[in-house]
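Trainee: I would like to learn how to read an interface between two chains, and then how to read a single residue. Could you take me through both?

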Amino acid sequence: MRQVDLGVDIGSLRLSNPVLTASGTFGYGLEFRSFGDISALGGIVVKGTTLEPRAGNRPQRVVETAAGMLNSIGLENPGVDYFLTHYLPELRDLGVTTIVNMAGNTVEEYCRLTERLQQPGVAALELNISCPNVKAGGMAFGTSETAVYEVVGQVKRHTSLPLIVKLSPNVTDIASIAQAAEAAGADAISLVNTLLGMAVDTRTRRPILGNVVGGLSGPAIKPVALRMVWQVAQAVRVPVIGLGGIMTANDALEFIICGASAVQIGAANFIEPGTAWQVIDGIASYLREQGLSSVRELVGSLQF
Amino acid sequence: MPATHKTTVISNEQLSPNSWRLLLAAQALAEQAQPGQFVQVRVTATYDPLLRTPLSMHDCDPAQGTLTLLYQTVGTSTRMLSRLQAGTELDVLGPLGHGFVLPEQGERGSAILLAGGIGVAPLLFLARELVKKHIDTSLLFGARSAADLVGIADFEQIGVTVTCCTNDGSQGISGNVIDLLDNYLQSHVAGRVFACGPIPMLKALQGLAKQRDLAAQLSLEAYMACGLGACLGCAVAVPGGGFAHVCTDGPVFKESEVEL
């Protein structure tokens with residue numbers, strides 16, 4: 001079988017292949033070890049991590065919708081110190097490319113978190129300014145160009161690691177937000193986080209989610225995510241990482257063709273835990289069929 | 001370790017207007033499964049419904065390589081499941097979660113299984129293991145109506161004493177299963193209690209357990225996406241604040257471990 005080059009660069013970080021797992025959908029990777037070699041993935045983005053532990057929102061936290069699901073987990077996580085002592089050493093020993101998704105309530109908190117994460121074994125940081133499920137912070141940072149510029153610029157001063165900024169789709173003009181992140185020093189842009197949605201129980205006339213609203217993910221959002229990735233890829237020079245409803249290698253290829261240098265697998269991990277590995281194989285097969293030698297030739301190759 | 005298994009439907013039998021029993025050829029799963037664990041079935045390879053359906057394991061026969069699931073048709077996924085014919089392939093993820101804590105080898109005594117409606121599902125597999133350990137096992141089974149008291153003969157066949165109650169009095173004593181347990185304890189030694197059923201029933205059992213100093217294990221249901229501890233969707237409150245996760249910390253909990 002002809003060898004194809006799956007390597008891609010995200011800032012100074014070289015990924016062995018363009019397939020990452022999305023934050024909040026793959027735990028700390030270790031939960032998925034019975035489904036494949038997690039060090040063979042392009043990388044994993046761990047659960048949104050905060051300075052202090054967070055209990056998360058009250059149940060019900062998930063509900064299925066047409067070809068998708070809503071969640072309002074609320075950034076439940078054991079805090080950065082627990083991550084550093086309980087998960088990072090094992091991930092490092094296994095040789096996993098580990099990207100840490102960071103969430104905070106204030107710019108100061110994001111900066112302190114960034115400092116704590118300057119550790120061997122952390123390959124890159126993903127700045128989460130797009131979580132729809134927490135009251136303070138999260139998405140509030142990601143919906144204004146000035147706030148994005150401020151938080152990205154400040155965080156950048158505290159790290160030499162590649163900084164990926166994860167954008168919310170719940171904005172009027174995603175390209176301007178991406179440009180603000182790039183201008184402030186982002187090394188890459190990942191998008192999209194979930195789309196804000198809700199569901200109602202008509203028998204009780206109550207919201208189904210304990211948090212009333214939640215984030216929509218799954219195949220239902222893929223066309224929206226793809227359009228936004230395409231718009232952002234044209235607006236910035238830094239690499240773009242595409243996500244939103246990727247279930248198959250073909251879905252991933254659509255994002256790459258639209259300009260994504262890498263992709264993240266999210267909700268699909270919940271349904272088919274082996275998806276990320278299948279997507280890697282599927283991308284390689286496609287490259288061979290198309291007579292391409294590197295996945296980089298495919299990035300942004302959309303034809304009109 | 002959890003894995004996805006290609007199983008085959010052997011039979012899919014309707015037991016009442018909305019309860020079904022699905023027998024699967026699932027050798028690897030049958031060999032690994034422990035009572036109280038669960039599986040996630042994928043009823044369609046398309047995206048609607050998108051998520052897998054969590055179901056407890058009703059029975060398991062490693063010698064025959066079979067797994068039995070008992071389920072109620074409550075939504076799109078379970079209705080689709082009820083239409084599966086013998087010979088169909090079914091994608092099953094499992095075994096998942098922590099099951100019931102069984103008595104140590106050589107431990108004697110008795111066990112009370114407490115079932116509310118379709119909550120009887122995980123208890124047959126458990127009863128089989130208890131009987132193997134020579135534990136004197138009784139099933140107290142409450143349901144809305146006689147038609148919902150499904151699978152009783154399977155318990156009786158392995159030597160479990162079954163007492164029933166229904167809300168409408170159509171079979172057994174008229175009343176709920178907690179009252180039945182309370183009465184039962186007047187004349188029987190309080191052994192271990194293993195329970196599965198609706199939240200109000202489990203909550204009432206927690207109260208009774210405290211009052212009578214019973215050791216009870218509760219099997220919980222929750223809305224969940226992955227079943228693997230990744231999505232954190234299936235949160236259940238724990239005393240002192242914070243949450244446990246039904247999929248990996250449970251689905252079976254000690255009565256004092258959760259706040260329902």
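This is a predicted model: local features need pLDDT of at least 70, side-chain atom pairs count only at pLDDT 80 or more; totals for chains, interfaces and linings use all residues.

Trainee: How much area do chain B and chain A bury between them?

Mentor: The size of an interface is often given as the accessible area lost when the parts come together. Here chain B and chain A bury about 2,400 Å², 67% of it on carbon and sulfur atoms, where buried area is the accessible area (1.4 Å probe) lost on being put together, summed over both parts. Of the area that chain B buries against chain A, B:Y47, B:L50 and B:F243 supply 25%, more than any other three residues.

Trainee: Which residues form the salt bridge?

Mentor: A salt bridge is a side-chain nitrogen of Lys or Arg within 4 Å of a carboxyl oxygen of Asp or Glu. The rule finds one across this interface: A:E272 pairs with B:R52, the closest N and O atoms being 3.7 Å apart.

Trainee: Is A:N57 buried or exposed?

Mentor: Buried means under 20% relative accessible area, exposed over 50%, and partly exposed in between (1.4 Å probe, protein chains only). A:N57 counts as buried because its relative accessible area is 14%. A polar atom of the A:N57 side chain lies 3.1 Å from the backbone oxygen of A:S72.

Conventions: Residues are numbered from 1 along each chain as its sequence is written. Chains are lettered from A and ligands numbered from 1 in the order in which they are written. Side-chain values use heavy atoms; hydrogens and water are left out. Buried area is the accessible area (1.4 Å probe) that two parts lose on being put together, summed over both. A polar contact is a pair of N or O atoms within 3.5 Å; within protein, one must be able to donate a hydrogen and the other to accept it, and residues adjacent in sequence count only if both atoms are side-chain atoms.
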